Structures are given as structure tokens and as C-alpha cells.
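Biologist: Before we look together, could you take me through the charged contacts and the ligand surroundings of this model, step by step?

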Amino acid sequence: MKIEEKVSLCAIKNHKESHIKLDEEACKRCRTKVCIIACPAHLYTIEPETGKLQVDHSGCLECGTCLIICPLKAVTWQYPEPGFGIYSRYG
Ligand code: SF4
């Protein structure tokens, strides 16, 4: 089964608070911004007006890649509160 097919079996219930926090000062200093490429859900983007790195937690697959790959340790990441986050549509 391809990863896209596996992901299609899941749904996400979002909490209003993001479970991913970024250290803005560290992100400003970061040259690679590797999270933009590494996140399989493509949730990291640059805000066009400000040039600020941002993350949209609402599609997070909870893989933890951004937490591990950030060279400046600028990502603080916790699992969403119980009852929120990614879950299987089929139990
Ligand atoms: Fe993207 Fe995975 Fe980080 Fe979620 S945990 S934002 S899916 S890299």
C-alpha cells in the first residue's frame, strides 16, 4: 500500500491550540529551513509579507520529522491532547 493510500485511511481532529511551537528567533537565523522540504504534509511555509516561517498544525501526521530534523532545535513538539490529532477512520 502506498503512503498516500495509508494517509487516506486517517482523519484529524484539530485542537485550537497548536501542538507545534517554533522559536521565531532561531527560525530567523536558520539558513536551510529544511522543515519546509522534510514535512511530508507540507505544513511549513514562509509567510509572504513578513518572510516568517510558519507551521499549520491542522494537517499534522504526528510523524515527528520536524522535531528531529531541525538543525537549530527550534521546534517544540508534543502529541496533541487526548481526543485530538490523527486517528484511523476505521478504528
Ligand atoms: Fe509535518 Fe511530521 Fe512535523 Fe507534523 S510532525 S508538522 S507531519 S514533519
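Biologist: In this predicted model, which residue's side chain meets that of Lys28 in a salt bridge?
Modeller: The contact runs from N to O at 3.2 Å, which falls within the 4 Å that a salt bridge requires. The partner of Lys28 in this salt bridge is Glu25.

Biologist: How many residues apart are Lys28 and Glu25 in helix H2?
Modeller: Because of their spacing in helix H2, Lys28 and Glu25 are separated by about one helical turn. Lys28 is exposed at a relative accessible area of 61%, whereas Glu25 counts as partly exposed at 46%. The separation along helix H2 is three residues.

Biologist: Which residue does the side chain of Lys52 meet in a salt bridge, and how many residues apart are the two?
Modeller: The side chain of Lys52 meets that of Glu24, with 3.3 Å from N to O. Lys52 lies in the loop between strand S3 (44-46) and strand S4 (53-55), while Glu24 belongs to helix H2 (residues 24-29), so that the pair links distant parts of the chain. Lys52 is partly exposed at 41% relative accessibility, and Glu24 is likewise partly exposed at 43%. The partner is Glu24, and the two are 28 residues apart.

Biologist: Which residues come nearest to the ligand?
Modeller: There are 13 residues around the ligand, and this shell divides into 10 nonpolar, two polar and one charged. Those that come nearest are Cys39, Cys60, Cys63, Gly64 and Cys66.

Key. Residues numbered from 1 in each chain as written. Predicted model: local features only at pLDDT ≥ 70, side-chain atom pairs only at ≥ 80, totals over all residues. Heavy atoms only, no water. Near = heavy atom within 4 Å. Nonpolar A, V, L, I, M, F, W, Y, C, P; charged D, E, K, R; others polar. Helix = DSSP H or I, 4+ residues; strand = E, 2+ residues; numbered from the N terminus. Buried < 20%, exposed > 50% of the residue type's maximum accessible area, 1.4 Å probe, protein only.
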